[in-house]
Amino acid sequence: MCSISSASGFHRLLVMFLILFVTTGRQRFDLHRMIPSIFREENLRKARGTGDAGRAAALRQRALRAGAALGFIGAVGACGAT
């Protein structure tokens with residue numbers, strides 16, 4: 001039988017859940033921060049040898065694709081939370 005009988009037990013449980021939620025949120029933030037850099041490197045690799053105009057076009061395309069991917073990933077995440 002598992003029960004929390006004292007206030008200190010409740011505080012320990014609360015602290016452990018807060019740590020769990022903070023670390024989970026941190027990992028999701030890192031993932032969302034990593035996606036634009038992946039698109040940037042991928043597009044710059046494809047634009048190698050095309051000069052400054054090709055590099056600028058690759059960076060514009062990266063912004064569009066990363067924004068679309070983040071929007072889709074956020075929508076899927078929001079549906080999964082319900």
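1. A63 is partly exposed, at a relative accessible area of 43%. Partly exposed means between the cut-offs for buried (under 20% relative accessible area) and exposed (over 50%), with a 1.4 Å probe and protein chains only. A63 sits in helix α2, residues 51–80. Its C-alpha is 9.9 Å from that of S37, 26 residues away along the chain.

2. The model is predicted: local features need pLDDT of at least 70, side-chain atom pairs count only at pLDDT 80 or more, and totals for chains, interfaces and linings use all residues. Residues are numbered from 1 along each chain as its sequence is written, and side-chain values use heavy atoms, without hydrogens and water.

3. A56 is also in helix α2. A56 counts as partly exposed, at 33% relative accessibility. A56 and L44 are 9.2 Å apart, C-alpha to C-alpha, and 12 residues apart in sequence.

4. The protein chain has 2 helices and 0 strands. These are DSSP runs (helices H or I, at least four residues; strands E, at least two), numbered from the N terminus. Of its 82 residues, 11% count as buried. The chain exposes about 6600 Å², and carbon and sulfur atoms supply 67% of that. Areas come from the Shrake-Rupley method with a 1.4 Å probe; for residues, only the protein chains shown count as cover.

5. Note the surface patch. F10, L13, L14, F17, L18, L20 and F21 form a nonpolar patch with about 670 Å² of accessible area together. L13 lies in helix α1, residues 7–46. L13 is partly exposed, at 35% relative accessibility.

How values were computed: Patch = residues over 30% accessible without salt bridge, like charges linked within 9 Å, V, L, I, M, F, W, Y side chains within 5 Å. Salt bridge = Lys/Arg side-chain N within 4 Å of Asp/Glu carboxyl O.
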